[in-house]
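Please find below a colleague's note on the structure shown here.

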Amino acid sequence: MAFEPPQRLVRALGETERNGAADWLVKLPELVQQVVDLRKLTVERVQAPGGRSSLVVLVRQADGTPAVLKLAPPWARPESERAALAHWGGFGAVQLLDGNGGEGVLLLERLHPEMSVRSLPEAKALLEAAGTLRRLWVEPPAGQVFESVAERTGRQAEAMRASASADAEVAPLVDAALAAREELLASAPQARLLHGTFRQSKVLAGERMPWLAVGPDPVVGECAFDLARLVRDRVEDLIASPSGASITRRRVKRLAESLELDQERLRGWTLFRAVESGVRARRVGRPQDAELLLEFAGWL
């Protein structure tokens with residue numbers, strides 16, 4: 001199958017600084033063809049702009065049923081995504097159609113990629129997104145294979161410290177974020193299976209249910225960590241607003257109350273995740289994104 005990978009995916013993989021990313025992209029058309037032939041799928045089109053860590057192809061199964069074929073490199077943890085989707089069983093999340101898709105291959109229920117929660121007015125979008133997220137917070141499966149919040153943020157904290165030591169401008173925010181992380185981990189409440197990278201654009205319209213989550217990078221930990229990414233959705237609009245700081249604080253309060261979480265814990269994880277994302281954007285050469293995220297973090 002001859003095609004050009006979406007530019008969003010190419011750029012994102014270029015930022016990962018991982019060995020093998022270029023080789024994986026080169027081999028991607030061949031990989032897709034192998035999977036399509038093996039499963040007797042009919043390709044409709046590659047979804048664009050698509051994701052930042054995987055290739056998404058709209059296909060039809062042998063019986064004509066529409067589906068989505070997703071291929072991801074090993075460092076995107078596709079097997080962890082498969083395990084989480086299997087555990088959720090379609091409740092709140094896209095349905096896994098084939099539990100034995102092969103390494104890095106997922107065959108998923110077809111949703112409506114052109115219609116995400118982000119297309120709704122802001123207040124309605126936050127309400128629907130939060131309701132979807134609540135359904136995913138379940139007990140992890142026995143013998144779970146998922147990374148913990150402590151493990152994931154530990155790796156991120158190391159990279160943040162390295163950046164702060166080389167960039168005095170971000171050091172105060174990094175120090176505040178790392179202090180918040182230590183305090184939060186020291187008193188973490190009961191752990192749940194989390195989506196891991198939840199935001200409005202990760203919630204798509206479906207047929208079985210009005211809204212279903214896609215693209216998890218699952219992790220086990222407290223629910224406030226999962227909700228924190230949602231707080232900064234549409235950050236560019238928040239920064240552009242003269243009352244962005246007060247809107248952010250009200251959003252933290254409203255989301256915490258709607259999902260019965262501790263407001264200060266949500267604020268702390270929102271700070272950590274915003275600073276981590278901002279520092280990473282700065283490191284890989286996305287200064288505009290970094291500026292928005294770090295200004296947002298300063299409001300917290």
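1. Basis. This is a predicted model, in which local features need pLDDT of at least 70 and side-chain atom pairs count only at pLDDT 80 or more, while totals for chains, interfaces and linings use all residues. Residues are numbered from 1 along each chain as its sequence is written, and side-chain values use heavy atoms, with hydrogens and water left out.

2. An open sheet is formed by 5 strands in the order 1-2-3-5-4, with antiparallel pairing. Strands (E, at least two residues) and helices (H or I, at least four) are DSSP runs numbered from the N terminus; two strands pair if DSSP finds at least two bridges between them. At the edges are strand 1 (42-46) and strand 4 (96-98), each of which pairs on one side only. From one strand to the next, the twist averages 40 degrees.

3. Strands 1 and 2. Strand 1 and strand 2 (residues 55-60) run antiparallel and are joined by 4 bridges. Arg 45 stands opposite Leu 58 of strand 2.

4. Helices on the sheet. Helix 2 (residues 21-39) lies across strand 1, strand 2, strand 3 (66-71), strand 4 and strand 5 (105-109), and runs at about 145 degrees to strand 3. Helix 3 (residues 78-88) also packs on the sheet, where it touches strand 3, strand 4 and strand 5, and its direction makes about 30 degrees with that of strand 5. Such angles run from 0 to 180 degrees between N-to-C directions, the axes being lines fitted to C-alpha atoms, for helices over the stretch in contact (heavy atoms within 4.5 Å).

5. Salt bridges across the sequence. The structure holds 23 salt bridges, each defined as a side-chain nitrogen of Lys or Arg within 4 Å of a carboxyl oxygen of Asp or Glu. One of them joins the side chains of Glu 236 and Arg 118 (2.8 Å, N to O). Glu 236 belongs to helix 8 and Arg 118 to the loop between strand 6 (112-116) and helix 4 (122-136), so this pair ties together parts 118 residues apart in sequence. Arg 282 and Glu 169 likewise meet in a salt bridge (2.9 Å, N to O). Arg 282 lies in helix 10 (residues 263-283) and Glu 169 in the loop between helix 5 (149-166) and helix 6, so the parts tied together are 113 residues apart in sequence.

6. A pair within one helix, and a network. Glu 128 and Lys 124 form a salt bridge (2.8 Å, N to O); the two are 4 residues apart in helix 4, and therefore separated by about one helical turn. Elsewhere, salt bridges that share partners join Arg 77, Glu 147, Arg 152, Arg 155 and Asp 217 into one network.

7. Arg 234. Arg 234 is found in the loop between helix 7 (223-231) and helix 8 (235-240). Not counting residues up to four places away in sequence, Arg 234 touches several residues, including Arg 118 and Glu 122.

8. Arg 181. Arg 181, in helix 6 (residues 171-186), counts as buried because its relative accessibility is 8%. Leaving aside neighbours within four places in sequence, its contacts include Trp 269 and Phe 272.

How values were computed
Buried means under 20% relative accessible area, exposed over 50%, partly exposed in between (1.4 Å probe, protein chains only).
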